[in-house]
Amino acid sequence: MKVNNNNKPVSFKGLVPALVLKELAKQNTIEARKLLNSCRGFNAAYRGAQTVNPDKIAREMQEKFHINCDFGNNPLIASFFALTANIFHKLGFAKPTNAFFKDLRGSSYFNALGLCTIQKNDAELFRRFGMNFPAGSVIINKAYNWENIPYIMKEQKSINHLSTSHFLSTFIHEFVHNAHLENLKKKYSNAADVMQSLRTRFTNYDTIYTLEKETSRYGSTSPCEMIAEEMTELIVDSLDPETIRPNEMIFKLLRKREPNFMDKLIDASWNGNLQEINRLVNLKARVSNIMYNRNRYNNLY
Ligand SMILES: [Zn+2]
């Protein structure tokens with residue numbers, strides 16, 4: 001296998017052990033069941049990835065979904081991208097134009113699991129890679145060991161940073177950012193600017209509190225991340241644990257079951273209706289202090 005310097009080959013020694021699955025099965029909580037589903041799905045995908053040819057997946061993704069791919073020759077990443085693209089295809093959501101596996105260390109995105117570009121120029125990415133990525137590119141961070149993703153996600157969910165513990169969450173989250181942008185493009189000629197406005201931080205305490213409870217801490221930061229986190233949770237909860245394919249009916253049912261406030265906020269955010277978002281959460285227009293300096297970068301993570 002061809003391997004470059006910062007791309008260790010996949011060891012295929014990282015199956016979630018049967019004992020862990022057994023322990024999770026014994027715990028009778030919703031979260032344990034969801035984690036068990038994620039671990040079962042991961043093991044199935046991980047086993048499948050052993051015989052995957054990343055170049056072949058890249059060709060199929062190009063032919064079937066018109067996604068330009070560079071998986072850094074990593075079969076696991078190729079499999080995760082392919083699974084996610086199939087999920088979005090089945091649910092009728094737009095798919096990104098580019099799917100990349102890049103080491104984001106040495107840029108301001110160094111600790112992000114992934115990102116989605118919403119504008120084609122990003123000074124940070126240009127500085128790091130000496131190139132621009134087209135808007136609608138999903139980049140997964142090579143700095144992480146993706147064989148450990150079940151444990152990384154378990155940790156992220158346990159501190160309520162993210163809305164789900166599912167191993168595909170990062171891929172789905174970034175794909176949602178892109179689908180959101182594509183939806184805005186249908187309505188606005190300045191969709192990237194609208195997207196940028198949706199990154200304005202929530203400042204209303206009640207809203208933040210509600211979103212931390214309903215979605216996640218990261219989802220409580222802005223309308224943009226609320227959508228990504230909320231949709232990721234809905235999609236993940238509609239997946240078959242073994243085949244990792246979505247059930248459209250379950251997805252629609254879960255979406256319908258959202259509490260009224262969330263339902264309205266999801267609609268308003270998805271459609272870029274800033275006035276309605278403001279009405280709903282009393283969003284303060286001007287937010288700037290040192291805590292919010294992430295907003296100076298163009299892209300989403
Ligand atoms: Zn995000």
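I counted secondary structure first. The protein has 13 helices and four strands. I note that this is a predicted model.

Next I looked up the overall dimensions. Along the principal axes, the C-alpha atoms fill a box of roughly 50 × 50 × 35 Å. I then checked the radius of gyration. A compact globule of 301 residues would come out near 19 Å, and the protein has 19 Å, so the two agree.

I turned to burial. Of the 301 residues, 43% count as buried. I also looked at how far apart in sequence the contacts reach. Taking contacts between residues at least 6 apart, I find that 66% join residues at least 24 apart.

H10 covers residues 223-237 and H11 covers residues 248-256. What do I need to describe such a pair? Two packed helices are described by the angle between their axes and the distance between those axes. Here the axes come within 8 Å and cross at roughly 135 degrees. Angles over 145 degrees would count as roughly antiparallel, and 65 to 115 as roughly perpendicular. H10 and H11 are therefore oblique to each other. I logged the crossing as right-handed.

Which residues meet where H10 contacts H11? From H10 I list Leu 234, Ile 235 and Asp 237. From H11 I list Phe 251, Leu 254 and Arg 255. I sorted this contact by class: four residues are nonpolar, two are charged and none is polar. Asp 237 in H10 and Arg 255 in H11 count as charged.

Note on methods. Residues are numbered from 1 along each chain as its sequence is written. This is a predicted model: local features need pLDDT of at least 70, side-chain atom pairs count only at pLDDT 80 or more; totals for chains, interfaces and linings use all residues. Axes are lines fitted to C-alpha atoms, for helices over the stretch in contact, and angles run from 0 to 180 degrees between N-to-C directions. Helices (H or I, at least four residues) and strands (E, at least two) are DSSP runs, numbered from the N terminus. Angles under 35 degrees count as roughly parallel, over 145 as roughly antiparallel, 65 to 115 as roughly perpendicular and the rest as oblique. A crossing is left-handed if the near helix is turned anticlockwise from the far one by less than a right angle, and right-handed if clockwise. Two residues are in contact if their C-beta atoms, placed from the backbone, lie within 7 Å. The radius of gyration is taken over C-alpha atoms; the globule rule is 2.2 Å times the number of residues to the power 0.38. A residue is buried if 20 or more other C-beta atoms lie within 10 Å of its own, exposed if 12 or fewer, and partly exposed in between; C-beta atoms are placed from the backbone.
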